[in-house]
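Visitor: I'm new to this one, and I'd like a close look at a single part. Could you walk me through a sheet and whatever sits around it?

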Amino acid sequence: MTVTYEDVTGAARRIAGHALRTPVLEVSPGLFLKLEQLQHAGSFKARGAFNRILSAGELPPAGVIAASGGNHGLAVAHAARALGVRAEIFVPEVTSPVKVAGLRALGAQIRQSGALYAQAAEAAAKRAAETGALAVHAYDQPEVVAGQGTLGLELTGQVPGLDTIIVAVGGGGLVAGVTVGSGALGSGALGGGAPGEGGTVSGDASGDGTPRAGTPRAGTPRAGTPGAGTPGGDGTSGDGTPGPRIVAVEPELCPTLHEALRAGEPVQVPVSGVAADALGASRVGGLAYGICSRAAAEGRLASVLVPDEAIVAARRALWERHRVVAEHAGAAAYAALLSGAYTPAPGERVAVVVCGANTDPSTLNAE
């Protein structure tokens, strides 16, 4: 089971008029922010939620059910309300009060279960079996991944000649969807070929918000990291031009994809830290692993880790420099640039996905 470029283009047609086309901000020459935190319900998750529900046909009387650290639940609740169906959302205890309040405002039935996302997901699956409600998984369903992929499809249309997309990873639905939807693996055909010129992936991240200088070089791996080189190759987007490279960013305390690539299969990892409420899946999704491991093997995807202090600094920098409000997970991709975990080559056109903004704005200057 996988997700194709055609699945993503089909999702784009299906959710048109339901999900927003979010803007892109060029903050310096060749550096773009994809402002997906302006999406319905405050994150990219609305794309996958709408595509899953609209793909299902006639819905059961029990409506839809989902487990979430917060953002996915908000998206499912928003989509359910927009489409006139009932939503029941399971959240872990780590979910922020801002997100719980948002769920209540959207009219969802909320159930808190377990300390982390995995326990909430188990409870939601059991409840779905009891009620017959349509399960909308946070990241490991083809319709959800294809829906998230519409972000990549949209972004490559907004920024012609894009070289690299930097995106945060939790369970992997977004990075997998963007990898497919941006054409990084080709428009239905396999990518591959000789690695291309790109930026530097580094293990030497300061975390203080200061960009690292470095000599760009092609295909330089992070020490000890399978699949963590500079992506390249001859994958194509839908119009036949080369697709962008993908840089997958995770907090050091939530290294779900990173450890899966190291082990050669999805593995259970402990999760904690400032972004755990949104990036706290303890095991990468099977769909995401299949797509991302292939992309890494073909030189199309790099995996990097950033410390919590870099995420905090990036969140503050987004606000202070660009007046962009982001939650910690939404700032994780930007942290890869500011900390030096990824340093673009001269002239490289880079887009950073700011994926969510469900946060307490009063904390922006408090950290």
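Guide: Let's start with strand β3, residues 64-67, which is joined to β6 by two bridges, the two strands running parallel. Across from Val-64 you'll find Leu-134 in β6. This is a predicted model, where local features need pLDDT of at least 70 and side-chain atom pairs count only at pLDDT 80 or more, while totals for chains, interfaces and linings use all residues. Residues are numbered from 1 along each chain as its sequence is written, and side-chain values use heavy atoms, with hydrogens and water left out.

A quick word on terms: strands (E, at least two residues) and helices (H or I, at least four) are DSSP runs numbered from the N terminus, and two strands count as paired if DSSP finds at least two bridges between them. In general, strands of a sheet pair through backbone hydrogen bonds, either parallel or antiparallel.

Now step back to the whole sheet that holds β3. It's an open one made of four strands, in the order β5-β4-β3-β6, with parallel pairing. At the edges stand β5 (109-112) and β6 (134-135); each has a single partner strand, so one side of each is left without a neighbour in the sheet.

Next come the helices packed on this sheet. Helix α4, residues 97-105, touches β4 (87-91) and β5, contact meaning heavy atoms within 4.5 Å. The direction of α4 makes about 150° with that of β5. Such angles run from 0 to 180 degrees between N-to-C directions, using axes that are lines fitted to C-alpha atoms, for helices over the stretch in contact. Helix α5, residues 117-131, packs on the sheet as well, touching β3, β4 and β5, and its direction makes about 160° with that of β3.

What about the nonpolar cores? A nonpolar core is a set of buried Ala, Val, Leu, Ile, Met, Phe, Trp, Tyr and Cys residues joined through side-chain atoms within 4.5 Å; buried means under 20% relative accessible area, with a 1.4 Å probe and protein chains only. The largest such core has 72 residues, and Ile-166, Leu-301 and Val-352 touch the most other members. Helix α12 gives the most to this core, with nine residues. Apart from it lies another core, of 23 residues, including Ala-49, Ala-66, Val-91 and Val-136.

Definitions and conventions: Buried < 20%, exposed > 50% of the residue type's maximum accessible area, 1.4 Å probe, protein only.
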